[in-house]
Every structure is written in structure tokens, then in C-alpha cells.
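Subject: Structure for your files

Dear colleague,

Here is the structure I said I would pass on. My notes on it follow below.

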Amino acid sequence: MKLLEYGAGWNIDILLQRFAKIFIGCLAAVTSGMIYALYLSAYHERKFWFSNRQELEREITFQGDSAIYYSYFKDMLKAPSFERGVYELTHNNRTVSLKTINAVQQMSLYPELIASVLYQATGSNEIIEPVYFYIGIVFGLQGVYVTALFVTSWLMSGTWLAGMLTVAWFIINRVDTTRIEYSIPLRENWALPYFACQVAALTGYLKSNLNTYGERFCYLLMSASTYTFVMMWEYSHYLLFLQAISLFLLDSFSLEQSDKVHEVYKIYVFSLFLGYLLQFENSALLVSPLLSLVVALMLAKCLQLNVKKGTFVAKIMKVINFYLVCTLTVTLNIIMKMFVPHKENGHMLKFLEVKFGLNMTKNFTMNWLLCQESLQAPSQDFFLRLTQSSLLPFYILVLIICFLSMIQVIFRRINGKSLKETVTLEDGQIGERPEIIYHVIHTILLGSLAMVIEGLKYLWTPYVCMLAAFGVCSPELWMTLFKWLRLRTVHPVLLALILSMAVPTIIGLSLWKEFFPRLMTELMELQEFYDPDTVELMTWIKRQAPVAAVFAGSPQLMGTIKLCTGWMVTSLPLYNDDDLLKRNENIYQIYSKRSAEDIYKILTSYKANYLIVEDAICNEVGTMRGCRVKDLLDIANGHVVCEEGDKLTYSKHGRFCHEVKINYSPYVNYFTRVYWNRSYFVYKINAVISFQS
């Protein structure tokens with residue numbers, strides 16, 4: 001009897017310890033997310049002196065495509081009803097001249113629709129200004145992002161200390177982990193927090209020792225976050241495609257229960273078809289490589305034969321199955337594109353051809369994209385920053401150990417050996433855990449892309465933080481290393497437990513000492529965002545320009561004009577539409593060596609009434625040779641060729657943006673200057689051409 005009482009008391013103590021561990025971990029995760037969201041809010045306030053600005057000055061802080069997104073949020077709030085607002089956005093003819101667009105579908109405006117509903121339904125319109133509500137939601141989602149990364153690292157390592165280290169590395173390296181500081185309303189800032197939640201749920205779902213209730217919870221969370229992710233970002237299916245490849249490789253080597261992986265495939269199909277219906281029959285989802293891959297995997301499973309594992313026939317069948325999936329995926333994707341009407345992303349394919357040296361082009365748009373810093377290979381500064389914060393060295397160490405352990409397990413599976421149902425610390429086989437293998441494959445795929453295009457580092461670096469933190473805090477990883485080294489002098493299990501606590505503690509203290517003062521300095525430092533010329537320009541437009549006026553200029557400036565004034569423009573800073581890309585190239589001709597008559601014909605073809613010339617572009621001094629807008633235009637137009645061995649040719653016309661400022665014929669016949677300041681020159685496009693001598 002006493003023995004039973006002792007056993008019951010012991011079980012209660014274990015349950016209390018587990019509850020306390022989970023409670024403290026959850027509290028730390030939520031607190032980390034809240035602190036990060038508050039940090040972003042405080043930093044944004046100090047950077048722009050936001051609360052002391054007038055509404056117009058606040059709106060000017062939204063640059064380029066960010067201005068477009070926030071302008072549609074404002075339009076939804078001005079609409080007499082939600083239904084009317086949605087209708088006006090889906091049949092929008094008040095943004096781009098001579099063009100009616102479905103802005104909700106083309107720009108993925110579901111975040112703005114949801115935010116507008118929340119703003120009015122919660123009564124926030126009576127207590128908070130729209131701009132604070134809008135950026136507050138985005139900052140809150142970034143807190144969710146950090147919390148999800150915390151939980152993922154915690155699930156993998158078994159200790160919430162890994163989550164704390166993940167958050168620390170994420171914040172310290174935030175220049176390379178997120179673009180929230182530069183452009184708040186970007187689609188990725190709305191979408192990636194949901195993807196992080198999906199990854200956390202998938203990590204839990206793949207664990208071998210998960211109970212039924214935990215598995216159901218992870219499955220439901222994964223379903224909801226996957227669908228939301230698809231709805232929030234037009235490029236989401238590409239990221240899910242990489243994830244599906246990781247799961248396919250995980251399943252190919254029988255490193256996870258096949259049924260679990262195929263349940264995830266069903267979530268993909270459900271999310272894609274539901275997204276297709278609710279995104280106004282978005283054909284891009286039907287012709288996506290993700291759908292083709294998932295359908296191919298399901299067909300391959302139906303054709304799969306049951307053979308004894310480890311035999312020569314089983315190995316041959318694995319190779320045949322792999323080849324079958326790859327062939328079916330390509331074939332299905334080609335067939336879908338043949339029968340499903342869709343807009344071909346021709347500019348993306350051409351960009352990739354030029355990027356990898358498969359083709360040469362003088363096309364302005366292609367060369368302009370190639371010159372963008374985010375589309376070039378990562379700089380040395382990127383790797384230097386990750387090394388200085390100690391993130392990159394530990395990530396490489398963890399990745400090498402996990403990868404080699406995974407290879408060991410794969411060879412065992414090929415030889416017919418089964419995986420252990422429960423992996424103990426003494427086994428020293430971290431590569432036998434399915435969730436670890438998935439993350440290793442996924443981070444290698446993301447890292448490979450990030451090495452080619454720097455902008456993709458924002459997808460990869462957060463998971464670098466998570467994987468590195470998990471590794472240094474995991475006793476299993478250290479035990480795997482010690483088993484390879486055949487450590488004898490000290491008990492390896494004890495040493496692994498000590499290092500899994502000591503190493504992250506030392507890292508945390510060193511990060512605190514070096515980087516915490518910098519973070520506090522950033523918050524204490526009051527920065528100044530001062531752009532009086534743009535404020536004056538917007539004020540002039542609102543006061544002097546006719547309501548029906550159409551403005552032409554650089555796409556980035558047009559986005560600001562749309563937000564701050566509501567006036568119609570000729571182009572937008574969006575790069576997913578061939579027509580808009582062509583418009584942008586045509587409007588940029590105002591900085592080329594073209595005649596006044598040519599520019600006049602281009603502008604009037606888009607019904608433009610006013611032209612805005614930016615001095616910063618006209619007199620641009622680029623840091624990279626041949627990447628200034630005017631240089632790219634000269635190359636595209638054949639006015640000057642700077643390549644070695646090619647003959648130099650020149651235009652008989654001067655550069656338009658320079659010549660039009662001089663006010664002589666024939667420029668004054670077509671354009672009349674009506675406003676100027678240090679940065680901008682505004683010209684009225686004459687409806688009736690007056691030929692003056």
C-alpha cells in the first residue's frame with residue numbers, strides 16, 4: 001500500500017514538473033513575441049518621430065508598393081459598406097489610367113480587407129487612428145512570427161532555452177531576418193508569421209512520440225495556417241513547393257510514417273483549391289508546381305507495390321518511384337498549363353535565364369531587375385554579420401552533425417534496418433528523428449536559393465536562427481558528436497547534458513554583453529525623417545491639380561501620390577503584371593535621350609495630364625556601373641553601348657529630363673512647367689500644342 005502511495009505521489013510530482021515546464025515555456029514564448037512587437041513599435045516611433053507627424057508626413061513614410069497597399073486600406077475605410085468597398089477594389093478603375101484591375105486578386109489585398117473589418121467591427125475607429133491600427137497589426141504578427149520560431153526550436157530541443165536563443169539571434173540579425181523596418185505592409189510581413197506557425201505545427205506533427213490529441217491539434221493548426229498563408233501571399237505556393245520536396249525526400253527514404261506525410265499533401269490540395277475559389281479563380285494556383293508535385297506523389301503511391309524492405313527489388317523500386325514522381329510532376333505541370341488559361345510569368349523566366357547567364361538582353365526591365373540589390377547574390381557583409389553574432393559558425397556545426405547523422409540513418413534504411421520507435425539520449429542518433437531530417441533538408445533548399453538571390457535570405461535566415469539554437473541546446477546533438485568521437489574519459493551523457501546548458505548560456509551572455517547596449521541605443525536615439533520636398537509636392541497636388549488629373553512619373557513616386565492624394569496615375573511599383581511592367585518602362589523614357597515629340601506621344605497614350613521629373617533620377621550618381629536608370633534606358637534604346645568591343649552610338653537628342661528644364665522649343669510646345677522645388681519638376685502636358693519660336 002505504501003508502495004502504491006509512493007508511486008502515485010511520484011507520478012503527481014512528474015506531472016507537476018511537466019506542467020511547470022510547459023507553463024514557463026509558453027509564458028516565455030508569448031512574452032518574447034510581445035517584447036519584440038513592442039520593440040518594433042518603439043523603434044518605428046523613434047525612427048520616424050511618428051506621433052509628432054501630420055497625417056501627410058506619416059503617409060510619406062510608406063514608400064513604393066507599401067504606399068499602394070495602405071492606400072487600399074484607406075479606400076476600404078472610406079467605402080459606405082464593406083460590400084461596396086470590395087466591389088470597388090475588384091473593379092478598380094480609379095488607380096491606373098485606362099485600366100480596370102481586380103486589385104484584390106492582383107495585389108493580394110486580403111490583409112487589408114481583414115484589417116478594415118477588424119478596425120470597424122471592434123470600434124477601434126473611435127479610439128485609434130487607422131495608420132496606428134494598421135501597423136500595429138503587422139507588428140503584432142511579427143510577434144507571432146517570433147513566438148512560432150521559439151516554439152519550433154523548443155519542440156525540437158526539448159528546452160525553452162533554445163527558444164530564447166532563437167529570439168535573441170533573430171532580433172540581433174533582424175537586418176537579415178526581416179524587412180519589416182524598411183517596408184511594413186509587404187505581403188511577406190503578413191504571410192510569413194502564418195508560415196512559421198505552419199512549420200511549428202508540422203514539426204510537432206512529425207514527432208514520433210506525439211499523442212493522439214497533440215497530433216490532432218497540430219493537424220488542425222497546420223491546416224488553418226497553410227490556407228491562411230496561401231491567401232496572404234501570391235508566392236506562397238513556391239515556398240510550400242520547397243516544403244513538399246523536403247517531405248517527399250523524407251518519405252522516400254522511409255524516415256517517417258508515409259500516412260502522416262500524405263495527410264500533409266491533402267492539406268496542400270485543400271488549401272490550393274479553396275484558395276483558387278476564393279481568389280477569384282486564380283489560375284496561378286492550378287498551374288503551380290506544388291499542385292503538380294502533390295498529385296504526382298498521390299498517383300505514385302497508388303502505383304506503389306508492397307515489397308520486402310532492404311531487398312534489391314525494394315531498392316530498385318525506390319529509384320523507379322523517385323523517377324516516376326519527377327516525371328509525373330513535370331508532365332502534369334505542362335498539361336495543366338496547356339488546358340488552364342493563365343498569365344505566363346514570362347518576365348520571371350527571362351530574368352532567370354539572364355541571371356544564370358543562359359541569355360543576354362538589352363531589355364530595360366530585365367536589366368533593371370538584375371541591378372536590384374535584393375536580386376543579386378549575397379554580399380560578404382551578410383556572412384560577416386551572421387559570423388559576428390556567432391550565428392553562422394554554430395549553424396554550420398549543427399547542420400554538419402545533423403546532416404551526417406541523417407546520411408547514416410538513410411544508409412541503414414537502404415540496407416533494410418528499421419527505425420527505432422523511441423530514440424534515447426544514449427543512442428546518439430539525432431538523425432533518426434523525422435522532424436530533424438525535415439528541417440535539415442528544408443534549410444538546405446532555402447539556403448541554396450539564398451546563395452543565389454539575396455532577397456531570399458529573409459526566408460532562410462530565421463530558420464538558421466532556429467536550427468542553430470536547437471542544436472546547441474540539444475543534448476542529443478552533443479551525444480551524437482561524442483559517439484562519433486568515442487569519448488571515454490568523461491561520461492558522454494553527463495557531458496552532453498552539461499554542454500546543452502552551458503554553451504547556450506555562454507552564447508546568451510556574450511550576445512547580451514555585446515548587442516543589448518546597441519539595441520537600447522537604437523531605441524534611445526531619436527532619428528529624423530525629413531522630406532519637405534515630397535510634402536510640398538503632395539500639398540500642391542491636393543490644392544492645385546484637378547480631381548480628374550492623371551500623373552505620370554517614376555512608379556515609386558506614383559505609389560506615394562496614389563496614397564497621399566488619391567489622384568489617378570499612369571503606373572504602379574508592381575512587378576507581377578506584364579502590362580504594368582511595360583508601362584513603367586515607357587514612362588521611364590522621360591529620363592532617356594528621346595525627342596519631346598516621342599515623350600509627348602507616350603504620355604498622351606496613357607491620358608496623362610501632368611508629368612513629374614525627379615532630380616534624383618535625372619542626376620543619379622549610381623554606385624554600380626551601368627545600373628543607373630538613364631544608363632539602362634540608353635542601352636535599351638541603343639543610344640549608347642558601353643560594352644567592350646561594341647561600337648559607340650549616340651542619340652541626336654539630349655536627355656529629355658535635362659532639356660525640358662531649359663524651357664526652349666520644341667519642349668515648351670508640349671510641356672508647361674507649373675511647379676518645382678529642389679527635388680521635383682511638375683509639367684502640365686499641353687492638350688493643344690502651341691509651336692513657339
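**Cavities**

The count comes to 6 cavities of 30 Å³ or more. Please keep in mind that this is a predicted model.

The largest cavity holds about 160 Å³ of space. Its lining is made by 16 residues, and those nearest its centre are His44, Phe48, Ile180, Glu181 and Ile184. Helix α1 (residues 2-48) gives the most to this lining, with 5 residues. Sorted by class, the lining of the largest cavity has 9 nonpolar, 5 polar and 2 charged residues.

The second largest cavity holds about 80 Å³. It is lined by Phe364, Thr365, Trp368, Pro555, Gln556, Tyr575, Leu581, Asn584, Glu585 and Tyr588. Three helices, α18 (364-371), α26 (555-564) and α27 (578-587), each supply at least two residues of that lining. The class division for the second largest cavity is 6 nonpolar, 3 polar and 1 charged.

**Helix packing**

Helix α18 also packs against helix α30 (residues 629-637): their axes come within 9 Å and cross at roughly 145°. The crossing of α18 and α30 is right-handed. On the α18 side the contact is made by Phe364, Asn367, Trp368 and Cys371, and on the α30 side by Val629, Leu632, Leu633 and Ala636. This contact has 7 nonpolar residues, 1 polar and no charged ones.

A second pair is helix α10 (residues 187-206) with helix α13 (residues 258-278), whose axes come within 11 Å and cross at roughly 155°. The angle makes α10 roughly antiparallel to α13. Their crossing is right-handed. Gln198, Leu202, Tyr205 and Leu206 of α10 make the contact with Lys260, Glu263, Val264 and Tyr268 of α13. Charged residues do take part here: the contact of α10 with α13 divides into 5 nonpolar, 1 polar and 2 charged.

The crossing of α8 past α24 is left-handed. From α8, the residues in contact are Leu161, Leu165, Ala168, Trp169, Ile171 and Ile172, and they meet Ser500, Met501, Pro504, Ile507, Leu511, Phe515 and Leu519 in α24. By class, that contact has 12 nonpolar residues, 1 polar and no charged ones.

**Backbone**

Two places in loops may be of interest when you go through the chain. The peptide bond from Ser665 to Pro666 is cis, with omega near 10°. Pro666 sits in the loop between α31 (656-659) and α32 (667-670). The other place is Leu98, where phi is near 60°, a positive value in a residue other than glycine. Leu98 belongs to the loop between α4 (82-90) and α5 (103-107).

Best regards

Technical notes. Residues numbered from 1 in each chain as written. Predicted model: local features only at pLDDT ≥ 70, side-chain atom pairs only at ≥ 80, totals over all residues. Heavy atoms only, no water. Axes fitted to C-alpha atoms, helices over the stretch in contact; angles between N-to-C directions. Helix = DSSP H or I, 4+ residues; strand = E, 2+ residues; numbered from the N terminus. Parallel < 35°, antiparallel > 145°, perpendicular 65-115°, else oblique. Left-handed = near helix turned anticlockwise from the far one by under 90°. Contact = heavy atoms within 4.5 Å. Nonpolar A, V, L, I, M, F, W, Y, C, P; charged D, E, K, R; others polar. 1 Å grid on protein atoms, 1.4 Å probe; cavity = no way out; pocket = protein on both sides within 12 Å on 5 of 7 lines; lining within 4 Å. Points joined across faces, edges and corners; volume = space filled by probe spheres on them.
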